[in-house]
There are 2 protein chains.
Amino acid sequence: MAPSIFGQAFHTAAPWNLAVLLDMKVKELATAAGVNPDTVRFYTREGLLKPTRNPDNNYQHYDTEDLRRLRFARKARQLGFSLPEVRQILDQADDHHSPCPMVRDVFQQRLADVEREIDELQQLRKRMKTALAAWQDMPDGTPDGHTICRLIEHWDDKAPAKQVEE
Amino acid sequence: MAPSIFGQAFHTAAPWNLAVLLDMKVKELATAAGVNPDTVRFYTREGLLKPTRNPDNNYQHYDTEDLRRLRFARKARQLGFSLPEVRQILDQADDHHSPCPMVRDVFQQRLADVEREIDELQQLRKRMKTALAAWQDMPDGTPDGHTICRLIEHWDDKAPAKQVEE
DNA sequence: CTAAAACCTATGACCTACTCACAGGTCAAA
DNA sequence: TTTGACCTGTGAGTAGGTCATAGGTTTTAG
C-alpha cells in the first residue's frame with residue numbers, strides 16, 4: 001500500500017524491458033535472469049545479492065544492480081568460477097577495486113584445467129574404444145568365483161589420477 | 001584369542017603378497033586396494049562388500065573375494081559407473097548371472113557421455129581462448145556502477161546446456 | 001603387567017551448488 | 001471474500017565419499 005520507496009516499475013510490463021528502473025521481487029528477478037527463484041534466494045543467503053527488505057511485509061526487493069550481479073554470477077559460474085570466487089569478485093567490485101586482474105588469473109587457471117580435463121577424457125575415450133573392440137572377441141561367460149566380469153577386470157588400469165589437486 | 005575361523009594369514013607379511021588366503025581387517029583391505037579405510041566402510045554399508053563379523057569383538061573380516069570386489073568396484077567407478085550400477089553388477093554376479101551384457105550396454109552409454117563431454121569442453125575451450133585474445137585489448141578499469149568486470153560481462157553467452165538429461 | 005598407541009565400531013556432519021518440500025504469512029484479482 | 005499465486009525461513013536431498021567424535025579392543029613397548 002505505502003508507495004514509499006517500493007513503487008513498482010513494471011509488474012505488468014514485459015520483464016525483458018530492462019531500460020526502466022526496476023524494483024523486483026524474487027520471482028521477477030529470477031525470470032529476468034532466467035534462473036530458478038530458489039537460486040535467487042540461495043545467492044541472497046550466500047551474500048552475492050544484496051536486496052533491500054520491505055519492513056511492512058518482510059519481502060526482499062531487488063534492483064537493476066542485483067540483476068547485473070546475478071547475470072554476472074551466472075556467466076562466471078558457466079566459466080567454471082566457484083561461488084566463493086564469484087563472491088570475491090563481486091566484493092572487490094563493491095570496494096571499487098577492479099576485479100579484472102584477479103579474473104584474468106583465475107581464468108587462465110581455469111583454461112588450463114579445461115585443457116587438462118579434455119586430455120584426460122580423450123585418453124579415457126581412446127581406452128574405452130580399444131576395450132570395446134577387444135571385447136568383441138570375448139565371450140560373456142558366467143561368474144565362476146574368480147572373475148566377476150572379465151570385461152571390466154581385464155580393463156587396463158592406467159586412469160588419470162583426478163583427485164590430486166596439489 | 002579364539003583361533004576359530006579368524007586366524008590371521010599375513011598380518012606381518014607384506015600386504016602385496018596376495019597369493020595366500022587372506023583374512024583382512026578394514027585397514028588391511030584398504031591398504032591392499034589402495035583406498036581410504038572409510039571407503040571400505042562406506043562400500044560395506046552400501047552392500048558392495050560382504051565381510052563376516054567376528055562376534056567376539058564385532059570386527060569385520062574381509063577375504064580375497066572382497067578384495068576382488070573392491071578392486072572391481074574401483075575400476076568400474078573410474079570407468080564412470082555409478083555406485084548403484086556397480087552394486088547391480090556385483091549382485092548379478094552373486095546370482096551366477098553374467099553381468100557382462102549389462103556392462104556392455106552401460107559402457108556404450110558411458111562412451112557416448114564421454115564423447116559429449118569432450119565436445120562441450122572443446123567448445124568451452126575455444127570460447128575461452130577467443131575471450132582471452134579479445135581481452136588483450138581491453139583495459140581493466142574500475143567498477144563504475146554499470147560494469148563489474150567487463151572481461152566476464154562481455155563474455156558471449158552461448159554455453160552448452162549441460163543440465164538437460166533428456 | 002600395564003599403559004599408550006593403533007586399531008576397530010557406529011553415527012553424523014561436511015563438501016558443491018543448487019533444488020525441492022513444507023508450514024505459515026501476504027497480496028492481487030474475481 | 002475467497003482463491004490462487006506469491007512471499008518467508010528452515011530443513012532435507014542430491015553423489016561419493018571424507019572426516020570427526022566417542023567409546024571399545026588389541027597390540028606393542030617399557
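Before the helix pair, one convention: a crossing counts as right-handed if the near helix is turned clockwise from the far one by less than a right angle, and as left-handed if the turn is anticlockwise. Keep in mind that this is a predicted model.

Now the pair itself. In chain A, helix H3, residues 64-78, and helix H4, residues 83-94, have axes that come within 10 Å and cross at roughly 140°. The crossing of H3(A) and H4(A) is right-handed. On the H3(A) side, the contact is made by Arg69(A), Ala73(A), Ala76(A) and Arg77(A); H4(A) brings Val86(A), Ile89(A) and Leu90(A). Sorted by class, this contact of H3(A) with H4(A) has 5 nonpolar and 2 charged residues, and no polar ones.

H2(A) gives the most, with 3 residues. The classes here are 6 nonpolar, 6 polar and 6 charged.

For DNA strand D, there are 17 residues around it, and Lys25(A), Lys27(A), Gln60(A), Asn36(B) and Asn57(B) come nearest. At least two residues each are supplied by H1 (26-33) and H2 (37-45) of chain A and by H2 (37-45) of chain B. H2(B) has the largest share, 3 residues. By class, this surface has 5 nonpolar, 6 polar and 6 charged residues.

Methods
Residues are numbered from 1 along each chain as its sequence is written. Chains are lettered from A and ligands numbered from 1 in the order in which they are written. This is a predicted model: local features need pLDDT of at least 70, side-chain atom pairs count only at pLDDT 80 or more; totals for chains, interfaces and linings use all residues. Axes are lines fitted to C-alpha atoms, for helices over the stretch in contact, and angles run from 0 to 180 degrees between N-to-C directions. Helices (H or I, at least four residues) and strands (E, at least two) are DSSP runs, numbered from the N terminus. Two residues are in contact if their C-beta atoms, placed from the backbone, lie within 7 Å. Ala, Val, Leu, Ile, Met, Phe, Trp, Tyr, Cys and Pro count as nonpolar, Asp, Glu, Lys and Arg as charged, and the others, Gly among them, as polar. A residue is near a molecule or strand if its C-beta atom, placed from the backbone, lies within 6 Å of it.
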